[in-house]
Amino acid sequence: MYRVLYVEDDADAAAALAEYLRAAGLVAVLAGSGEQAIMMLDGGLPDGNIDLVITDLALPGIDGAELCRILRADQTHCHLPIILLTGVRQRMGIEISQADQTWLPADRILDKAVPPEDILTAVRELLEKAHPG
Amino acid sequence: MKPLYVSATGQNVGKTTVILGLFAEMCRRGTRPGYIKPVGQRWNEVDGVRADEDAFLLHDVLDSTDALQSMSPVTIPQGFVDNYIMTRDQQHLQEKICQALEKLRAKHKYLIIEGTGHAGVGSCLDLSNAQVAKLAEARVVIVSGGGIGSVIDEITLNRCLFESHGVEVAGAILNKVHPDKQERVRKIVGQGLANLGTRLLGVIPFDRRLTVPTVGQIATVLKGNIISGQDLLDNRVDNTVVGAMEPQNMVRHIAENTLVITPGDRIDNILVSITYHLNRIQEKFSIAGLVLTGGLVPHFTVVDLLRRSGLPALLCQEDTYTISSYIREMVFKIRAEDSDKIATAQELVIKYVDLDTLLGEKAKR
């Protein structure tokens, strides 16, 4: 069973997507901040490693963009597929797109407003690519 | 009519500037010359064609219909010299050059040949500038940088090698001479060279317009990631400032077309740069772009502001000191798209070089 780490500081949003992912047969692990996500990834998790990371962009402290760059620069975690969720278009008027790869190295950048099925499709595609066959 | 071989006393003394001027003047006089760089050390490969980078430049600038292979018959890849020294197949390389010269001679009444470095460069391949000039049966002009004694010494040394191969040296041109010293240099070096039998054909003053790079050129050399301002990469960089100080101090160093080099986490200096760019208070206080150092990416809200402002910003991994040292040492060659620099080069050569003497009576109007 694939394990997905979801980094989100909004507890309600975290619980809702985690439940959806679990219902789809995935293991959802939650981290409340970028710092916690790094600690969990570096320290290892008791029952297996993480296969994919979903992170919110606007996090306090280490934000989602910085988390992406930290993971990409780390030899152990650089191959982890990353999905970045953003709600900044509605809240701050900031447009972020896949074209921002130079400074935001996520495999997929999705608007938080998309239906959860779209997030699940992206998760499945990236997992399939990372684990062919 | 004998081809003209443009040689130099060293690298980056401005042969290209002289050649661009010669072309402009010859075209004005009704003769469109051919161009060849027989031996290329700095080459590029485009669409499977390998040619010296100066040959690519001249091919584009002159809108030439000549084949690049003829304009740049021999290029030197890595390891080539070692192999040549051990096998020494002189005939093969010299034949390639002679064939290219023949093709161009068939199309052009007059040829301009660009050398590589000083007179002896290429000796290890039996293709020194002196040997190639002899093969081409060319007259030579030696281009040198500014100075007095050392310039006379170097020109004389170069002249001796050409003459030892039976090549006629038409004279010398001094380039990048400090404008305040131009008259003194013309008088003293002119006399010094005349004492030794060499004619001084021109003294071209240093012109800053030929050396200033664009933000895009700097980005290419630094291999930086461009995160904003892709539409303004042609911004000229006349000045640089290292933004390792507080913003109120940095602003005192902002002049015309300034490139700000600052760590990516100095949000204060980044915001000041954006403000200057958006306000464009006066042309003499303007920002050309930003180099964000240390591999530090600003917060995404700041990246968004940069993109909205249109100010070009490059992300680089190296620290501020290393980047500013790189930029100080960079040499930017004229590119085909630098139409203002090409026009300046032509203007300088036409104004400061005795082209009637250099090009010979037949090329006169």
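Q: What counts as a polar contact, and how many residue pairs are in polar contact between chain A and chain B?
A: A polar contact is a pair of N or O atoms within 3.5 Å, where, within protein, one must be able to donate a hydrogen and the other to accept it, and residues adjacent in sequence count only if both atoms are side-chain atoms. This is a predicted model in which local features need pLDDT of at least 70, side-chain atom pairs count only at pLDDT 80 or more, and totals for chains, interfaces and linings use all residues. Residues are numbered from 1 along each chain as written, chains are lettered from A in the order in which they are written, and side-chain values use heavy atoms, with hydrogens and water left out. With both residues at pLDDT 80 or more, the count between chain A and chain B is 4 residue pairs.

Q: Which residues of chain A lose the most area to chain B?
A: Buried area is the accessible area (1.4 Å probe) that two parts lose on being put together, summed over both. Between chain A and chain B this area is about 1000 Å², and carbon and sulfur atoms give 63% of it. On the side of chain A, 51% of what is buried comes together from the residues that lose the most, namely A:Ile94, A:Thr102 and A:Trp103.

Q: Which side chain of chain B meets A:Asp100 in a salt bridge?
A: A salt bridge is a side-chain nitrogen of Lys or Arg within 4 Å of a carboxyl oxygen of Asp or Glu. The count between chain A and chain B is 1 salt bridge. At 2.3 Å from N to O, the partner of A:Asp100 is B:Arg307.

Q: Which residue forms a salt bridge with A:Glu8?
A: A:Glu8 lies in the loop between strand 1 and helix 1 of chain A, and its partner, 104 residues apart from it, lies in the loop between strand 5 (108–111) and helix 5 (116–130) of chain A, where helices (H or I, at least four residues) and strands (E, at least two) are DSSP runs numbered from the N terminus. With the closest N and O atoms 3.0 Å apart, the partner is A:Lys112.
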